[in-house]
Amino acid sequence: MQVFYAILFGVVLGGIYAGLYYMNHKTPVPKGCENLKADCEGCKVTSCEMHPSHNIKETNHD
Amino acid sequence: MELVSMFIAAVLINNIVLTKFLGMCPFLGVSKKMSSAVGMGVAVIFVIFGASLISYALYYLVLVPLHLEYMQLITFILVIASFVQFVEMVIKKYSPSLYKALGVYLPLITTNCTVLYVAQQNITEQYSLIETIVNSIAVPAGFLMVLVIFAAIRERLESADIPECFKGNPIALVCAATMALAFSAFAGLV
């Protein structure tokens, strides 16, 4: 029974997160805030979405 | 009086950045401008306070009665992530000016390990509700204070004549180490 509660609790929390994530992305961004960017220079964590390496556009070298 | 001591200890003596080396990513990444540092610090206070209280309530009202204490880590991670999404959505909808000031820092806070540390600390140290509230304000207040001091130092470093090889993060890390040494002098204050 305890395992069932654990799974149920995990699913509920995951569901709440998924729902809030969806609602947040559906909420329109206020006017004038479309291109907000943090002044983050970037540390060495390249997986972070704020890392400047993600803003480098791919260039064709041919 | 004990709560005051606890607050001072969390801000000055056991500062989260300078003694535990947590939250280093925003400490180095968002400390170049004073305005960014203040925005980030205020957003961190708000998120840590809210997420810690929800985590505390969930732990004692749900996890303990159901004997699911081993799920505290996954619970706290999901609570923090959900809370950040909720706060961002509410700010977007009802306060565009606040969103302009803080909105950009909210996704960054989800990955800030300080938030998870405070939520865990409140449980492992077996704090009461009032102690949890004080700790959840004091720890991010210490983070904000150090971030603002560090941003002021970095702004002055911009115009300082320093060797080429030290420019950028190297000199920032030297300054952070010096700050940590200076803050160690507060040990024994309370």
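On a 1 Å grid laid over the protein atoms alone, a pocket is an open set of points with protein on both sides within 12 Å along at least five of seven lines, and its lining residues have an atom within 4 Å of a point. A volume is the space filled by probe spheres set on the points, which are joined across faces, edges and corners. This is a predicted model, in which local features need pLDDT of at least 70 and side-chain atom pairs count only at pLDDT 80 or more, whereas totals for chains, interfaces and linings use all residues. Residues are numbered from 1 along each chain as its sequence is written, chains are lettered from A in the order in which they are written, and side-chain values use heavy atoms, with hydrogens and water left out.

The model scores ipTM 0.78 and pTM 0.82. Chain B averages a pLDDT of 88, and 100% of the residues score at least 70, pLDDT being the predictor's confidence in each residue on a scale from 0 to 100.

The second largest pocket has a volume of about 150 Å³. Of the 10 residues that line this pocket, B:Leu157, B:Glu158, B:Lys167, B:Gly168 and B:Ile171 lie nearest its centre. The largest share of the lining, three residues, comes from helix 8 of chain B, which spans residues 129–158; helices here are DSSP runs (H or I, at least four residues), numbered from the N terminus. By class, the lining has four nonpolar, one polar and five charged residues, where Ala, Val, Leu, Ile, Met, Phe, Trp, Tyr, Cys and Pro count as nonpolar, Asp, Glu, Lys and Arg as charged, and the others, Gly among them, as polar.

Helix 8 of chain B also holds B:Arg154, which is buried, with a relative accessible area of 6%. The term buried means under 20% relative accessible area, exposed means over 50%, and partly exposed lies in between (1.4 Å probe, protein chains only). A polar atom of the B:Arg154 side chain lies 2.8 Å from the backbone oxygen of B:Leu28.

In helix 7 of chain B lies B:Gln121, which is buried at a relative accessible area of 14%. Its side chain makes a polar contact with the side chain of B:Asn135, at 2.9 Å; such a contact is a pair of N or O atoms within 3.5 Å, and within protein one must be able to donate a hydrogen and the other to accept it, while residues adjacent in sequence count only if both atoms are side-chain atoms. B:Thr124 is likewise placed in helix 7, residues 113–124, but is exposed, with a relative accessible area of 57%.

Turning to the aromatic rings, those of Phe, Tyr and Trp (its six-membered ring) pair if their centres lie within 6.5 Å, with planes under 30 degrees apart counted as stacked, over 60 as edge-to-face and the rest as tilted. The count comes to seven aromatic pairs over all chains. A:Tyr17 and A:Tyr21 form a tilted pair, 6.1 Å centre to centre with 40° between the planes, and both lie in helix 1 of chain A (residues 2–26), four residues apart, about one turn of the helix. A:Tyr17 is partly exposed at 26% relative accessible area, and A:Tyr21 is partly exposed at 39%.

The rings of B:Phe46 and B:Phe83 have their centres 6.4 Å apart and their planes at 40°, so this pair is tilted. The pair links distant parts of the chain, 37 residues apart, with B:Phe46 in helix 3 (residues 34–63) and B:Phe83 in helix 4 (residues 72–94) of chain B. B:Phe46 is partly exposed, at 47%, whereas B:Phe83 is buried, at 14%.

Conventions:
1 Å grid on protein atoms, 1.4 Å probe; cavity = no way out; pocket = protein on both sides within 12 Å on 5 of 7 lines; lining within 4 Å. Helix = DSSP H or I, 4+ residues; strand = E, 2+ residues; numbered from the N terminus.
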